[in-house]
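Dear colleague,

I am handing over the structure below, and I would ask you to keep it open while you read the notes that follow it.

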Amino acid sequence: MRRTVVPLPLFGLLLAVAAAQPNKDDWDIYSFHINSTVTSRYATTVITSRVANRMDESKEIEFHVQIPKNAFISKFRMFIDGQVYDGVVKTKEQAQQQYTDAVSRGQSAGIVSSVGRTMEEFKTSVNVAAHKKVTFELTYEELLKRTHGKYEMQIHARPMKLVKDFKVDVHIYEKAGISFIDVKGGLSTKALANAITKTHQDKQAWVNFSPTEDQQKSCDSCGEEGMNGDLVIVYDVNRDNGLGDIKTSAGYFVHHFAPSDLPRISKNVVFVIDQSGSMHGKKMEQTRTALLHILNDLAEDDFFGLISFDAEIIHWKRELVQATSANLEIAKVFARNIRDRGSTDINAAVLEGARMLNAHPREGSASILILLTDGDPTSGVTNLETIQSNVKQAIADKFPLYCLGFGFDVNFEFLEKMSLQNNGVARRIYQDSDADLQLKGFYEEVATPLLTDVTMIYVGGANLTQTNFSQYYNGSEIVVAGEIIDNNIETFIPQVVAISTERRVKTFNTNTSVDSSTGTVADGFLQRVWAYLTVKQLLEKQLLLSGSDKEKVKQEALELSLKYSFVTPLTSMVVTKPEGENTEVLHKPKEGEAPQLQLHRHVGGVGGVGSVAGLRPLPPIMHSDPSLTGRVGGVGSVAGLRPLPPIMHSGSSRSFFHPPDFTGVSARIGLGGHPGRGGHPGLHRMHGSVKYHSPPPPPPPPNMPSGKWHPLQGPSFTGSTYVLDYDESDDIGVHSAPIVDHAYDLPVDDVELEAVMPTSVSVTHRFLLKTKNLSLPLCFEISGAMILKLLHHPSKELYVNGELDSETNGGFSKIFIHAGSDQHIEVDPNGCNVRRGQTATQLTTNDPVTTGSITVTRHGNNKFSIAVEDMRLVILVHEKDGNKFLWPVLLQKPSANNTDGVLALEPADYEEVESSPSTKLRIKGRVTDVTRSTAADYSIVKPVLLDCWLTSSVDVLDKPLNDYIAPQL
């Protein structure tokens, strides 16, 4: 008889039938190749992973890779047992319909995507039969962008295993000639550097990376589970001061324009810096550091201005001044003294910056406006469309606006649209240890204007990508693609007209006809480059439009995406699998969009012995009442149920009993074919074992037959674990014991499952706890719809409590804030009420409401800002599966240090002490087992799914969980 062990998650019991924990060599990736071909800066990369299942039973094999954000996936295939399964790119509506149809047929279905800082994740999995193999093949395409005088191609390698045949091959061909090539990144250091070979021959270059299994363990983030890091291929091409590099083939052209030997244009730049309360702490410190570096880099013939703002505008000078050494030193004093405070009036600040530039027209100079903010407008004009309209009118196409959004709490789409409306770009600054370097790096991209008012002209060309550019900066590149009318090279004449220093018109052209690239690029290659660039620009353009114009542009982008099989924000890839397997729909999210994970596992209503779906852990069980039982459905009907505790009663029906406030899975164990007791067929003889585990372990239950309990040791259990062996002759009775972690060890072939219906349902909520400069946060779970103390500050009579909702991994249904005895705020997903004494005010507009020491601002329908003296709190409204819930974010703690509550928890600090066979962390001086998992980061406007170490709340909280429970809101 085959036996399996199923581990059970924190705060409850999960009963399921699963494969045994695999040994180290139960499956392996025997080959992992990454092949990338770069032609004219356009990279096509193919990742091929070959995996073998060495087990005597089927195994779920996962393919999990990261690709650059700028890339489009264009092909995915799986090869299984001689069959090929292709991913198909469809419209989002078609893909969603296929997803829905799969669910309605009782199949599994999932929509999977994830966004990281510079990379996106692609995940899929498939069931591989015993001793069979699977090959995964993913293709993605990207146009490399030139910044700081070089191109960078990032290749991420994390195969999750040591691989005998691991190889990265990169081949670069550039018609203009390659000026230099280098290899950087975490996988190019230590012993791995010896695994890299690099060859450079005029127009071509090759990079090969073939580490041995020993070398694969040797980088900073590598280990027994193999490599985890990046290779970054850095190169540039030879330049001239003429028209640049033009390739033509099969009726299409691509033009790269990046003259280098031009005199710089002096600039006028105004920095508009958000100093509102949400910039508190590290963000403000890093902004000041970056600003000091940037001031040092200004040239003496530049003119500059500095504005900081919250609800008010704070000028350094009301007009632009020249960047002399004396002025710069005074400006640095101003920068060092920028302090966070107050709310956010973006409208007034940007308009003031535009006024300063408009008031200082300088012949032969280039003007730039740079905004840095970390949040939404909360004072002054707060309507986003009104702000965008005001800014566009003030700038009037005279200079670009660059918007830097600090962190994930910012409305990035608002900033992106405002930048695009004013010939600029928006960039997210990630809240990390290198945020100051990100800020400085962006400034360096626009620090040296060489041309303004650039117009790209193509006589004999059609269907052109963007041809007008407000400014061209040193180290960057302008790329234009299009069709050649009738494929007539003789009549195709490119020309560039721009303004250089001192307002001189400069013309770049060619005196000879353009050569065809026949023989140097593959047929259809330039057409794909044109399609890629066109789709990217159409997606940006539709942000600026509305109504029928917007729909027309979206439709054009959609048709191109489908024609060229690009996975874009308008399309999805349907990943087909063998019959009975999950149907997965992969989509590409927008910047900052939440990963959409919809997973539905349907189990038949009467069949499917051993099928368990939608299970969630429950809190510890303290008692049971054998009189309280209820059953709904037939054997095997288990869907969306929660697990039962292992509390048993020996009686006529041989069933598990449970308290009335739990739902669960009732397990009956017997020999099929024999009538069971209590009128249930096939449920006759009970046998098996139940494992209890809890720190500290429960004592053996009273009245247990001697010798039935004994300790169990193993990597899956911490502390002491007891095993109860029992059979039909034992009268076990009903026993009470606090339970935290559990596992059933049951004979698989004899398990049948029966759904039971309780009077109420308990759910779990997963919380993230950020860490001190570590890559993975911790996460923990709290079960039950309880009221939590979010923030208590007794000395100021400030109390914030939140009631958890009834949705698994949801949030809070209500949050109450009390300041003193007569000031109260009540927030739910539908609105906010502010009360003082007998006076109540409901927030219906975006105008701030102040009563006593409390100021509350509503931002549309998904965000509330609350200020109580020096405490700053944001409450976000999220939606999941049609249900809305709240999530609080503490932006600024009260100044006194006697705060308490979940929001007052300090960032965690841990040390990894063991990674194999299971991961162990030392947290607060205690070594504990953890599991790598994921949790949604609801602290940002558009949540993202983060990897985390899942551990017990006991390891994370400063006090017992009961101390964080409030008796009432």
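In what order do the six strands of the open sheet lie? The order is β42-β43-β58-β57-β56-β55, and the pairing is mixed. Before going further, please note that this is a predicted model, in which local features need pLDDT of at least 70 and side-chain atom pairs count only at pLDDT 80 or more, while totals for chains, interfaces and linings use all residues. Residues are numbered from 1 along each chain as its sequence is written, and side-chain values use heavy atoms, with hydrogens and water left out.

The sheet

At the edges of the six-stranded sheet lie β42 (764-769) and β55 (910-914), each of which pairs on one side only. Strands here are DSSP runs of E with at least two residues, numbered from the N terminus, and two of them pair if DSSP finds at least two bridges between them. From one strand to the next the twist averages 50°, where axes are lines fitted to C-alpha atoms and angles run from 0 to 180 degrees between N-to-C directions. Within this sheet, β57 (residues 926-937) and β58 (residues 944-950) run antiparallel and are joined by seven bridges; A936, for instance, has L945 in β58 as its bridge partner.

A surface patch

Elsewhere, I457, V459 and I493 form a nonpolar patch on the surface, with about 230 Å² of accessible area together. Such a patch is made of residues with over 30% relative accessible area and no salt bridge, nonpolar side chains (Val, Leu, Ile, Met, Phe, Trp, Tyr) being joined within 5 Å; areas come from the Shrake-Rupley method with a 1.4 Å probe. V459 belongs to strand β27 (residues 449-459), and at 47% relative accessibility V459 counts as partly exposed, a class that runs between the buried limit and exposed, which is over 50%.

Technical notes:
Helix = DSSP H or I, 4+ residues; strand = E, 2+ residues; numbered from the N terminus. Patch = residues over 30% accessible without salt bridge, like charges linked within 9 Å, V, L, I, M, F, W, Y side chains within 5 Å. Salt bridge = Lys/Arg side-chain N within 4 Å of Asp/Glu carboxyl O. Buried < 20%, exposed > 50% of the residue type's maximum accessible area, 1.4 Å probe, protein only.
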